[in-house]
Amino acid sequence: MQNSPIRKELMASWGNDSSMGIFSGNLSFPYEEGFRRSRYCLHVKGYEVNTARVSDAIHYGCIPVLISDYYDLPFANVLDWNKFSVIISPGDIAFLKNKLLSISRKAYLNMYQNLCIVRRHFRWHTTPKSYDAFYMTAYQLWLRRGLPRLPY
(Lines give C-alpha, C1' and ligand atoms only; values in the text may rest on other atoms or scores of the structure.)
Protein backbone atom coordinates (compact mmCIF):
# COMPACT_ATOMS: atom_id res chain seq x y z
CA MET A 1 0.00 0.00 0.00
CA GLN A 2 2.83 2.39 0.76
CA ASN A 3 3.92 2.63 -2.85
CA SER A 4 0.74 3.55 -4.66
CA PRO A 5 -1.96 6.24 -4.48
CA ILE A 6 -4.27 3.77 -6.24
CA ARG A 7 -3.84 1.28 -3.40
CA LYS A 8 -4.58 4.00 -0.85
CA GLU A 9 -7.77 4.90 -2.71
CA LEU A 10 -8.72 1.24 -2.89
CA MET A 11 -8.31 0.84 0.87
CA ALA A 12 -10.23 4.06 1.55
CA SER A 13 -13.11 2.95 -0.69
CA TRP A 14 -13.32 -0.76 0.09
CA GLY A 15 -11.06 -1.58 3.05
CA ASN A 16 -13.98 -1.72 5.50
CA ASP A 17 -16.27 -3.76 3.24
CA SER A 18 -16.01 -7.32 4.54
CA SER A 19 -17.53 -8.75 1.36
CA MET A 20 -14.66 -7.31 -0.67
CA GLY A 21 -11.85 -8.89 1.39
CA ILE A 22 -9.30 -6.16 0.74
CA PHE A 23 -6.43 -6.17 3.21
CA SER A 24 -3.42 -4.03 3.99
CA GLY A 25 -0.53 -5.47 5.91
CA ASN A 26 -0.12 -9.09 6.92
CA LEU A 27 -2.90 -11.57 6.31
CA SER A 28 -4.24 -13.88 9.00
CA PHE A 29 -4.13 -16.79 6.53
CA PRO A 30 -1.53 -18.17 4.10
CA TYR A 31 -0.93 -16.26 0.84
CA GLU A 32 -2.08 -19.19 -1.32
CA GLU A 33 -5.30 -19.58 0.65
CA GLY A 34 -6.33 -16.05 -0.27
CA PHE A 35 -6.25 -17.00 -3.94
CA ARG A 36 -8.04 -20.30 -3.39
CA ARG A 37 -10.94 -18.74 -1.47
CA SER A 38 -11.48 -15.83 -3.87
CA ARG A 39 -13.31 -15.61 -7.17
CA TYR A 40 -11.54 -12.41 -8.14
CA CYS A 41 -8.02 -11.30 -7.18
CA LEU A 42 -6.97 -7.68 -7.41
CA HIS A 43 -3.77 -6.68 -9.11
CA VAL A 44 -3.10 -3.01 -8.53
CA LYS A 45 -0.31 -1.39 -10.44
CA GLY A 46 2.05 0.43 -8.11
CA TYR A 47 5.37 2.05 -8.84
CA GLU A 48 6.97 -1.28 -9.67
CA VAL A 49 6.01 -3.75 -12.37
CA ASN A 50 5.16 -7.08 -10.78
CA THR A 51 3.31 -9.82 -12.60
CA ALA A 52 3.94 -12.51 -9.98
CA ARG A 53 0.58 -11.87 -8.34
CA VAL A 54 -1.21 -12.13 -11.69
CA SER A 55 0.53 -15.44 -12.39
CA ASP A 56 -0.29 -16.65 -8.88
CA ALA A 57 -3.95 -15.74 -9.36
CA ILE A 58 -4.03 -17.65 -12.64
CA HIS A 59 -2.27 -20.65 -11.07
CA TYR A 60 -4.80 -20.85 -8.23
CA GLY A 61 -7.84 -20.27 -10.46
CA CYS A 62 -8.67 -16.75 -9.34
CA ILE A 63 -9.85 -14.30 -12.03
CA PRO A 64 -7.33 -11.42 -12.12
CA VAL A 65 -8.82 -7.95 -11.68
CA LEU A 66 -6.29 -5.54 -13.13
CA ILE A 67 -6.62 -1.97 -11.91
CA SER A 68 -4.55 0.22 -14.19
CA ASP A 69 -4.90 2.68 -17.05
CA TYR A 70 -2.15 0.88 -18.87
CA TYR A 71 -0.39 -2.34 -18.12
CA ASP A 72 1.79 -4.32 -20.51
CA LEU A 73 0.27 -7.73 -19.88
CA PRO A 74 2.28 -10.91 -20.38
CA PHE A 75 1.70 -12.57 -23.75
CA ALA A 76 -0.85 -9.87 -24.68
CA ASN A 77 -0.19 -10.34 -28.38
CA VAL A 78 -1.22 -14.00 -28.06
CA LEU A 79 -3.79 -14.07 -25.24
CA ASP A 80 -7.01 -12.06 -25.12
CA TRP A 81 -6.94 -10.92 -21.49
CA ASN A 82 -10.55 -9.69 -21.69
CA LYS A 83 -11.66 -13.32 -21.90
CA PHE A 84 -10.15 -14.41 -18.56
CA SER A 85 -9.64 -11.23 -16.52
CA VAL A 86 -11.36 -7.99 -15.58
CA ILE A 87 -9.61 -4.73 -16.44
CA ILE A 88 -10.68 -1.60 -14.55
CA SER A 89 -9.42 1.95 -14.80
CA PRO A 90 -8.17 3.47 -11.52
CA GLY A 91 -10.82 6.17 -11.99
CA ASP A 92 -13.50 3.48 -11.62
CA ILE A 93 -12.43 2.18 -8.18
CA ALA A 94 -15.65 3.59 -6.69
CA PHE A 95 -17.58 1.28 -9.05
CA LEU A 96 -15.40 -1.80 -8.47
CA LYS A 97 -17.90 -3.75 -6.38
CA ASN A 98 -20.79 -2.99 -8.75
CA LYS A 99 -18.65 -3.99 -11.72
CA LEU A 100 -17.76 -7.35 -10.17
CA LEU A 101 -21.30 -8.03 -8.95
CA SER A 102 -22.68 -7.24 -12.42
CA ILE A 103 -20.73 -10.14 -13.93
CA SER A 104 -23.27 -12.90 -14.43
CA ARG A 105 -22.62 -16.42 -13.24
CA LYS A 106 -22.47 -17.57 -16.87
CA ALA A 107 -19.91 -14.87 -17.76
CA TYR A 108 -17.85 -15.72 -14.65
CA LEU A 109 -17.85 -19.43 -15.53
CA ASN A 110 -16.83 -18.60 -19.09
CA MET A 111 -13.91 -16.47 -17.78
CA TYR A 112 -12.96 -19.26 -15.38
CA GLN A 113 -12.96 -21.87 -18.17
CA ASN A 114 -10.78 -19.57 -20.28
CA LEU A 115 -8.48 -19.04 -17.29
CA CYS A 116 -8.06 -22.80 -16.97
CA ILE A 117 -7.15 -22.98 -20.66
CA VAL A 118 -4.50 -20.22 -20.53
CA ARG A 119 -3.07 -21.45 -17.21
CA ARG A 120 -0.63 -23.76 -19.02
CA HIS A 121 1.09 -20.75 -20.60
CA PHE A 122 2.08 -19.48 -17.15
CA ARG A 123 3.47 -22.76 -15.83
CA TRP A 124 7.21 -23.22 -15.61
CA HIS A 125 8.63 -26.71 -16.00
CA THR A 126 12.19 -27.81 -15.29
CA THR A 127 12.21 -29.35 -18.75
CA PRO A 128 10.18 -26.97 -20.95
CA LYS A 129 6.93 -28.30 -22.40
CA SER A 130 5.10 -27.00 -25.45
CA TYR A 131 3.40 -23.65 -24.88
CA ASP A 132 4.58 -23.33 -21.26
CA ALA A 133 6.06 -20.14 -19.76
CA PHE A 134 9.50 -20.88 -21.22
CA TYR A 135 8.22 -21.18 -24.78
CA MET A 136 5.82 -18.26 -24.40
CA THR A 137 8.64 -16.04 -23.12
CA ALA A 138 10.97 -17.20 -25.89
CA TYR A 139 8.25 -16.39 -28.42
CA GLN A 140 7.80 -12.90 -26.94
CA LEU A 141 11.55 -12.29 -27.23
CA TRP A 142 11.54 -13.61 -30.80
CA LEU A 143 8.74 -11.17 -31.71
CA ARG A 144 10.80 -8.27 -30.33
CA ARG A 145 13.95 -9.21 -32.22
CA GLY A 146 13.36 -6.58 -34.91
CA LEU A 147 12.57 -3.72 -32.59
CA PRO A 148 15.13 -0.94 -32.62
CA ARG A 149 17.24 -0.67 -29.48
CA LEU A 150 16.98 2.49 -27.46
CA PRO A 151 20.20 4.46 -27.08
CA TYR A 152 21.38 4.75 -23.48
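**Close-up views of a predicted model**

**View 1. An edge-to-face tyrosine pair.** Both Y40 and Y108 are buried in this predicted model. Their ring centres lie 5.7 Å apart and the ring planes meet at 70°, so Y40 and Y108 make an edge-to-face pair. Y40 belongs to strand 1 (residues 40-44) and Y108 to helix 5 (residues 105-118), so the pair ties together parts that are 68 residues apart in sequence. R39 lies over the face of Y108, 4.7 Å from the centre of the ring. In the whole structure, a search finds nine aromatic pairs.

**View 2. A tilted phenylalanine pair.** F75 and F122 form an aromatic pair that is tilted, with 5.3 Å from centre to centre and 55° between the planes. F75 sits in the loop between strand 2 (63-67) and strand 3 (86-88), while F122 sits in the loop between helix 5 and helix 6 (133-143). The pair thus links distant parts of the chain, 47 residues apart. F75 is buried at a relative accessible area of 9%, and F122 also counts as buried, at 15% relative accessibility. Together with W81 and F84, the residues F75 and F122 form one aromatic cluster.

View 3. Three strands make an open sheet with parallel pairing, in the order 1-2-3. Strand 1 and strand 3 are the edge strands, each pairing on one side only. On average, and with direction ignored, neighbouring strands of this sheet are turned by 20° against each other. Five bridges join strand 1 and strand 2 in the parallel sense. H43 has L66, in strand 2, as its bridge partner.

**View 4. Helices packed on the sheet.** Helix 1 packs on the sheet and touches strand 1 and strand 2; the direction of helix 1 makes about 140° with that of strand 1. Helix 5 also packs on the sheet, where it touches strand 1, strand 2 and strand 3. The direction of helix 5 makes about 100° with that of strand 2.

View 5. I6, L10, M11 and W14 are buried in helix 1 (residues 5-14). Seen down the helix axis, the buried residues fall within an arc of 135°, so they line one face of helix 1. Strand 1, strand 2 and helix 4 (96-101) are among the elements that cover these buried residues. On the face of helix 1 turned away from its buried side are the exposed residues P5 and A12.

Technical notes:
Residues are numbered from 1 along each chain as its sequence is written. This is a predicted model: local features need pLDDT of at least 70, side-chain atom pairs count only at pLDDT 80 or more; totals for chains, interfaces and linings use all residues. Side-chain values use heavy atoms; hydrogens and water are left out. Rings of Phe, Tyr and Trp (its six-membered ring) pair if their centres lie within 6.5 Å; planes under 30 degrees apart count as stacked, over 60 as edge-to-face and the rest as tilted. Helices (H or I, at least four residues) and strands (E, at least two) are DSSP runs, numbered from the N terminus. Buried means under 20% relative accessible area, exposed over 50%, partly exposed in between (1.4 Å probe, protein chains only). A charge sits over a ring if NZ of Lys or CZ of Arg is within 6 Å of the ring centre and within 35 degrees of the ring normal. The arc is that of the directions from the helix axis to the C-beta atoms. Contact means heavy atoms within 4.5 Å. Two strands pair if DSSP finds at least two bridges between them. Axes are lines fitted to C-alpha atoms, for helices over the stretch in contact, and angles run from 0 to 180 degrees between N-to-C directions.
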